[in-house]
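Please read it alongside the sequence and the structure shown here.

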Amino acid sequence: MSDPNDPLRLIYTTFATRYDAERCGRALVERRLAACVNIFPGMTSIYEWQGSLACEDEVAMIVKTRLAVVQAAVEVLQGLHPYDTPAIIVLAPETANHPYSAWVEAQTG
């Protein structure tokens, strides 16, 4: 990115439905807190919840944003997310090509 103090960040989260993922993704892009979101339907998650083993269909979403707005993006996700305990994980890529990083910065600036 142009500003080394404001690097690219990715946010990983999951939803029960594609509808919920799209609703949250649109909110982030419309607020310019994300340049893009990728939604991956057709995922199976196996986990223990409240003492029982669960195997559920889920939808994964990756949000492309930058450090300066990542906290605001997380707050929007937490507010809109239908899960009681959503996985909202911020990842720091080791590297990203400059043209793409510049586009993310422009879209979220």
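Cys24 is in contact (heavy atoms within 4.5 Å) with Phe15, Met61, Leu77, Leu80 and His81, leaving aside its neighbours within four places in sequence. The model is predicted: local features need pLDDT of at least 70, side-chain atom pairs count only at pLDDT 80 or more, and totals for chains, interfaces and linings use all residues. Residues are numbered from 1 along each chain as its sequence is written, and side-chain values use heavy atoms, with hydrogens and water left out.

**Cys24 and its setting**

- Cys24 lies in helix H1, residues 18-30; helices (H or I, at least four residues) and strands (E, at least two) are DSSP runs, numbered from the N terminus.
- Cys24 counts as buried because its relative accessibility is 1%; buried means under 20% relative accessible area, exposed over 50%, and partly exposed in between, with a 1.4 Å probe and protein chains only.
- Asp57 is 33 residues from Cys24 along the chain, and their C-alpha atoms are separated by 18 Å.

**Nonpolar core**

- A nonpolar core is a set of buried Ala, Val, Leu, Ile, Met, Phe, Trp, Tyr and Cys residues joined through side-chain atoms within 4.5 Å.
- The largest such core has 18 residues, and those with the most contacts inside it are Ile11, Phe15, Leu28, Leu33, Met61, Val63 and Leu77.
- Two or more residues of this core come from each of strand E1 (8-15), H1, strand E3 (52-66) and helix H2 (67-80).
- H2 gives the largest share of this core, 6 residues.
- Not counting residues up to four places away in sequence, Leu28 touches Leu33, Ala34, Met61, Val63, Ala73, Val76 and Leu77.

**Strand pairing**

- Two strands pair if DSSP finds at least two bridges between them.
- E1 and E3 pair in the antiparallel sense over 8 bridges, and Leu10 stands opposite Lys64 in E3.
- Strand E2 (residues 36-49) runs antiparallel to E3, joined to it by 12 bridges; Val37 stands opposite Val63 in E3.
- E2 and E3 form a hairpin with 2 residues between them, and Gln50 in the turn has a positive phi of about 50 degrees.

**Other cysteines and disulfides**

- With a disulfide taken as a pair of cysteine sulfur atoms within 2.5 Å, the count comes to 0 disulfides.
- Cys36 is in no disulfide, and the nearest cysteine sulfur, that of Cys24, is 15 Å away.
- Cys55 counts as exposed because its relative accessibility is 53%.
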